[in-house]
Amino acid sequence: MSDENRRTATERIKHFLLQVIDLTALGFLEPVVRLIYGEEPRVQIRKIGRFVAVPILAFLCFVGIWAAWAPHHKTKAGEVPTPSVVSEAYTTILTFSEREDSKEEAYLLSEAERVPLLQQAEAQLLKARTTAQAADEAVAHAQEADTASKKQLTERISEQLKTHKSTYKQERKTRENALKTELGTLSSNESIARVAAFREWKSKQTRLQKSMKEDLARIRAQVNPKVQTALAQQTSCAEEVQYLSSYCDILSKSNKESKLAAIDAEILALQNSMKQADTKNRYKQADKILVLHERRKKVEASSYAKASTLPMQIIRSIACVFAGFLIGTVIAVPIGVCCGLSSTFMAAVTPFIALFKPVSPIVWLPILLIIVGGFIPDPETHWLIQWLWDAPLIGELKINPAFLASALTVAMCSLWATMVNAALGVASVDEDHLNVAKVLRLGFCARLFKIILPSSLPLIFAGMRISLGVGWMVLIAAELLASSEGIGKFVWDQFNNGASDSFAKMFVVVFVVGFVGLILDRIMIIFQRLVSFEGSVAAI
Amino acid sequence: MNEPYVDITGLVKEYPNPKGDPIRVVDRFNLSVQRGEFIGLIGHSGCGKSTVLTMVAGLNDITSGSVIVDGRETSGPGPDRAVVFQSPCLLPWMTAYNNVMLGVKRVYPTATQQERHDLVCYYMNRVGLADSMDKYPGEMSGGMQQRVGIARAIALKPKVLLLDEPFGRLDSLTRMELQDVILQILSTEKITTLMVTHDPDEAVFMCDRICMMTNGPRAKVGQIVSIPFGQNRVRADVLSDPRYYDLRVSLIDFLDKCEKEKEQAPVTDSHNPYETTLQPQLALGRLGVSS
């Protein structure tokens with residue numbers, strides 16, 4: 001009996017898993033689940049081979065080709081980064097963001113929490129300083145060895161070059177004089193041939209010199225891998241030291257609590273001195289105290305001025321794309337539904353769709369930036385911005401006009417797919433279902449909400465899915481152009497930065513953007529499946 | 001004879017023809033139905049029987065002629081003429097219960113929540129779906145879906161029930177079950193019913209009178225036959241009745257004749273629709289049946 005129960009329970013779990021897989025369109029997991037339950041193992045293994053192993057293999061092939069090709073293409077920003085360099089850049093990005101997070105945390109810690117952390121950090125700092133020193137020495141060492149080996153190589157060549165230069169100079173003169181005397185005895189044709197031969201000899205000698213110079217330059221420019229690794233090590237050590245020292249700084253005196261305590265102490269001192277001061281000084285001191293009170297308020301409300309990190313920028317980008325997507329959907333769905341309901345309305349809207357749909361985000365963004373700027377001349381005091389800053393959850397994003405312009409650009413570029421799909425969905429409601437509404441003599445509202453909208457929801461959601469995809473693509477370009485804090489800005493900063501790993505960081509962004517886009521698409525697929533019904537058009 | 005409950009007179013349907021005169025699909029169709037009667041409309045496919053039914057339902061515009069139900073001329077569709085379509089036409093995003101409730105809410109706007117609930121449950125019970133009320137159409141078989149369609153139509157308490165080949169897409173066993181379901185419900189509800197079918201067996205078993213239509217275009221009433229089996233029919237009794245086969249044969253004969261006529265001479269414009277309407281008694285007399 002209990003055995004039976006257990007079997008039905010596991011069966012239920014299996015059905016639940018399969019349903020979830022079906023809902024999320026993660027079809028490749030289905031054979032895995034079935035294999036776990038021992039259902040036709042050979043069939044499942046074949047399926048896993050096709051739907052799991054083959055894609056992984058294809059991806060590995062891609063990585064292999066990339067790794068093989070990348071070092072052969074030299075650019076101004078260095079070699080095209082290989083997969084391993086990109087993954088290193090990814091760790092660098094992560095480390096940086098973790099450090100910023102810990103600094104932010106440290107800023108708000110209380111005295112009791114700070115002291116043990118500070119001791120720990122100071123010990124680490126000491127250790128890091130010694131390693132940094134060692135790294136400096138290693139770099140000096142490696143560079144010394146490198147210059148020595150290069151010197152050995154170059155010395156010989158430059159010696160050769162020197163001798164060649166002096167012999168060439170002498171020989172040219174003697175040859176030239178000999179030729180001049182010889183020419184008097186020869187016919188004109190013969191003399192031309194002699195001069196041509198002399199010229200050829202000269203150019204051969206200069207070519208030889210040039211190639212020797214090139215060799216020298218190449219040897220000098222050669223980057224020694226040992227030096228390179230030593231330099232990388234040195235940079236990372238220096239970064240760690242810098243981080244730890246600023247972390248210690250925040251834990252000790254730049255902490256919020258310490259700052260407040262320092263101001264309080266100053267105020268107290270001033271108040272005490274006021275008691276003994278004469279009337280003239282009293283005014284000055286009271287004024288000072290008031291200024292200090294103001295500063296105290298500011299410090300109290302302050303938070304750590306965090307440098308922008310990629311995770312933060314990703315969150316901001318996602319918020320921005322959803323803001324734009326929301327605005328776009330709110331505009332597109334009602335208009336699309338009206339288009340589907342009335343062919344007159346459709347006729348009125350069609351020219352707008354045809355005209356504005358192909359317009360690129362690069363055109364919308366500057367226009368919208370100016371328009372938004374016109375509405376919000378001074379973001380610090382504008383009511384909308386103030387309201388957005390004070391709002392819960394989104395307040396931390398510190399939404400600014402550039403953010404709004406980016407979101408509106410996303411809306412302008414992405415709403416067309418939803419609009420067209422909504423119109424199509426409403427216009428293609430099953431005639432039989434409309435007949436049901438006619439027989440029941442349903443009113444307009446009932447017909448809209450009970451029949452037309454439920455029937456067209458799958459198509460509307462299919463359109464929204466396309467819109468979100470388009471919006472995400474558009475957003476990165478918009479942020480790059482608008483300098484709105486986000487992934488696009490990260491790319492732009494890296495492009496302008498020119499550090500040794502900034503090229504690799506851009507590659508990291510490619511994968512981050514792709515991955516976030518994939519997640520957004522999955523979310524929309526789930527929504528679309530939830531509103532789909534048996535036999536609906538858009539059940540993809 | 002008292003006033004007919006449903007009176008269809010001179011019903012005409014024309015479709016515009018870009019190449020010339022409009023195509024007349026139904027030509028002056030006349031039919032009088034008494035209250036509570038079950039009328040079958042039978043004919044070859046494409047003869048316009050469904051067009052007549054949809055015109056009565058109001059889903060199809062009437063070119064000329066009139067449909068009077070309970071002394072009032074109809075205009076447009078309405079819940080007083082409930083339709084069961086050939087495909088179940090359930091809304092796939094609603095449960096069976098909500099599909100029925102949609103109509104009930106519309107027809108009983110003043111009823112309380114509880115009363116409506118009871119009504120829906122009652123009719124779902126009548127069609128034998130008390131256990132499947134919370135299922136979605138996609139989870140039900142075709143027969144079950146059509147049962148919901150029937151419950152939805154009857155729950156409207158219509159003056160006229162219009163069945164448009166309601167069993168056309170079902171297998172013959174399910175079809176028989178549903179025929180019994182409808183007859184059972186009608187025996188208590190006494191709703192005047194018009195059913196389009198192309199199955200002579202079904203027509204003879206279910207109907208009080210069968211209206212045979214000539215082949216289209218220009219279809220009209222060819223012959224009307226009364227079926228003498230009375231109320232509360234039991235399938236076994238009807239099948240074993242000797243008259244059953246005679247009636248069936250006469251139906252098939254008529255349909256055959258129509259088909260042949262169409263092949264030999266296409267219907268001409270000079271046809272008088274009233275001429276060919278045979279008296280039911282005459283047809284039955286030929287079969288040796290007294291009504």
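Which residues point one way from S8(B), and which the other way? The legends below take up this strand and then other parts of the predicted model.

View 1. S8(B) spans residues 192–197. B:Thr192, B:Leu194 and B:Val196 point one way from the strand. B:Thr193, B:Met195 and B:Thr197 point the other way. In a regular strand, side chains alternate between the two faces of the sheet. Buried or exposed, then, for these residues of S8(B)? All are buried. The strand is thus described as mostly covered, with six of its six residues buried.

**View 2. Strand S3 beside S8 in chain B.** S3(B) covers residues 38–42. S3(B) and S8(B) run in the parallel sense and are paired over five bridges. B:Leu41 stands opposite B:Val196 of S8(B). B:Val196 belongs to the set that also holds B:Thr192 and B:Leu194, pointing one way from the strand.

**View 3. Strand S7 beside S8 in chain B.** S7(B) is made of residues 160–164. Five bridges join S7(B) to S8(B), and the two strands run parallel. B:Leu163 stands opposite B:Met195 in S8(B). From S7(B), the chain passes through helix H5(B), residues 172–189, to reach S8(B). This β-α-β crossover is right-handed.

View 4. Chain B holds nine helices and ten strands. How much of chain B is made up of buried residues? The share is 40% of its 291 residues. Contacts in chain B between residues at least 6 apart in sequence were also sorted by separation. Of these, 71% join residues at least 24 apart.

**View 5. The contact between chain A and chain B.** Here 15 residues of chain A are in contact with 18 residues of chain B. Two helices of chain A, H15 (431–439) and H16 (444–482), are the elements that give two or more residues to the chain A side. H15(A) gives the most, with six residues. What kinds of residue form the side of chain A that touches chain B? Seven are nonpolar, three polar and five charged.

**View 6. The domains of chain A.** Chain A is divided into domain 1 (2–72), domain 2 (111–236), domain 3 (255–307) and domain 4 (310–531). The centres of domain 2 and domain 4 of chain A, taken over C-alpha atoms, are separated by 56 Å.

Terms used:
Residues numbered from 1 in each chain as written. Chains lettered and ligands numbered in written order. Predicted model: local features only at pLDDT ≥ 70, side-chain atom pairs only at ≥ 80, totals over all residues. Contact = placed C-beta atoms within 7 Å. Helix = DSSP H or I, 4+ residues; strand = E, 2+ residues; numbered from the N terminus. Nonpolar A, V, L, I, M, F, W, Y, C, P; charged D, E, K, R; others polar. Buried ≥ 20, exposed ≤ 12 C-beta atoms within 10 Å, placed from the backbone. Pairing = 2+ DSSP bridges. Right-handed = clockwise from strand over helix to strand, strands pointing away. Domains from an automatic or database assignment.
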